[in-house]
Amino acid sequence: FDEPRPAPRRRLVPATRRETLGAAARAVALAKLAGGLWTAATARMDLLEWQLEPAIAVVRGATRVLLADQVGLGKTVEAGLIAAELAARGLAGRVLVLTPAGLSAQWATELRDRFGLAPAVLDQPALAAARRDLPDDVSPWELFGCVIASIDLAKRPEVRAAMDRTPFDLLIVDEAHHVRPG
């Protein structure tokens, strides 16, 4: 056993009231409450109260959420917050975002810059490169925790077959009116 030794004495440095209140505010904001949101306090954005409601609903057990706000009210922010919350809790290790091709880069930027996620955009050139570089038994859909792909690419039979063999914990469909059952 180690022989115990007294800890060195440190001189206490008094903190100002502002420093103390600031430290307390940071601790409260970053506290991981069971029913609260863990990632909203660190997201790089100005959150509006209605943007928190879908993520709170998912944290409390909702398994399907339809975000149908008007244009410009933050549906991407709401969906990104849901993805970040579930990832932080270990409940969404694999996220698939389906979006019109023209919005893929915007989604990647939003998820990376606002929520610290690391999305990979899989488009036709990326899939072709993966087929060339990966062994036949490895699917590029399995390589990333967060994948963004276009809805039209996902509709192709060979792409759909590869995606169907890959389990995803969370599916986000942007512009969902472009999809149909089956």
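Tutor: Start with Val 13, in the segment before helix H1 (17–30). Keep in mind that the model is predicted.

Student: Why is Val 13 called exposed?

Tutor: Its relative accessibility is 66%. Exposed means over 50%. Val 13 passes that cut-off, so it counts as exposed.

Student: Take Glu 49 in helix H2. Is Glu 49 buried or exposed, and how do you know?

Tutor: Glu 49 has a relative accessible area of 64%. The cut-off for exposed is over 50%, so Glu 49 is exposed.

Student: What makes Ser 150 buried?

Tutor: Ser 150 belongs to strand E3. Its relative accessible area is 12%. Buried means under 20%, so Ser 150 qualifies.

Student: Which residues does Ser 150 contact, leaving aside neighbours within four places in sequence?

Tutor: Leu 98, Thr 99, Pro 100, Ala 101 and Ser 104. Contact calls for heavy atoms within 4.5 Å. Asp 133 is 17 residues from Ser 150 in sequence and 22 Å from it in space, C-alpha to C-alpha.

Student: Why does Asp 123 count as partly exposed?

Tutor: Asp 123 sits in the loop between strand E2 (119–121) and helix H5 (124–133). Its relative accessibility is 35%. That value lies between the 20% and 50% cut-offs, so Asp 123 is partly exposed. Pro 157 is 34 residues away along the chain, and the two C-alpha atoms are 15 Å apart.

Student: What about Glu 175, and why is it partly exposed?

Tutor: The figure for Glu 175 is 30% relative accessible area. Again, that falls between 20% and 50%, so the label is partly exposed. Glu 175 is in the segment after E4. Glu 175 also has a positive phi of about 60°, although it is not a glycine.

Student: Now the interior. What makes a group of residues a nonpolar core?

Tutor: The members are buried nonpolar residues joined through side-chain atoms within 4.5 Å. The largest such core here has 26 residues. Val 95, Val 97, Trp 107, Leu 111, Phe 115, Leu 170 and Ile 172 touch the most other members. Elements giving two or more residues to this core include helix H3 (75–88), strand E1 (95–99) and helix H4 (104–115). H3 gives the most, with 7 residues. A second, separate core has 13 residues, among them Leu 98, Trp 141, Ala 149 and Val 159.

Student: What does Trp 107 touch, not counting residues up to four places away in sequence?

Tutor: Thr 76, Ala 79, Val 97, Thr 99, Ile 148, Ile 172 and Asp 174.

Student: How do you know that the charged end of Arg 89 sits over the ring of Trp 38?

Tutor: The distance to the ring centre is 4.2 Å. The limit is 6 Å, with a further condition of 35 degrees from the ring normal. The charged end of Arg 89 is listed as sitting over that ring.

Student: How many aromatic pairs does the structure hold?

Tutor: 0. A pair needs ring centres within 6.5 Å.

Student: How much space lies in the largest pocket, and which residues are closest to its centre?

Tutor: About 1,700 Å³. Of the 45 lining residues, Leu 171, Ile 172, Val 173, Asp 174 and Ala 176 are closest to the centre. H3 gives the most to the lining, with 5 residues.

How values were computed. Residues numbered from 1 in each chain as written. Predicted model: local features only at pLDDT ≥ 70, side-chain atom pairs only at ≥ 80, totals over all residues. Heavy atoms only, no water. Buried < 20%, exposed > 50% of the residue type's maximum accessible area, 1.4 Å probe, protein only. Helix = DSSP H or I, 4+ residues; strand = E, 2+ residues; numbered from the N terminus. Phe/Tyr/Trp six-rings, centres within 6.5 Å; stacked < 30°, edge-to-face > 60°. 1 Å grid on protein atoms, 1.4 Å probe; cavity = no way out; pocket = protein on both sides within 12 Å on 5 of 7 lines; lining within 4 Å. Points joined across faces, edges and corners; volume = space filled by probe spheres on them.
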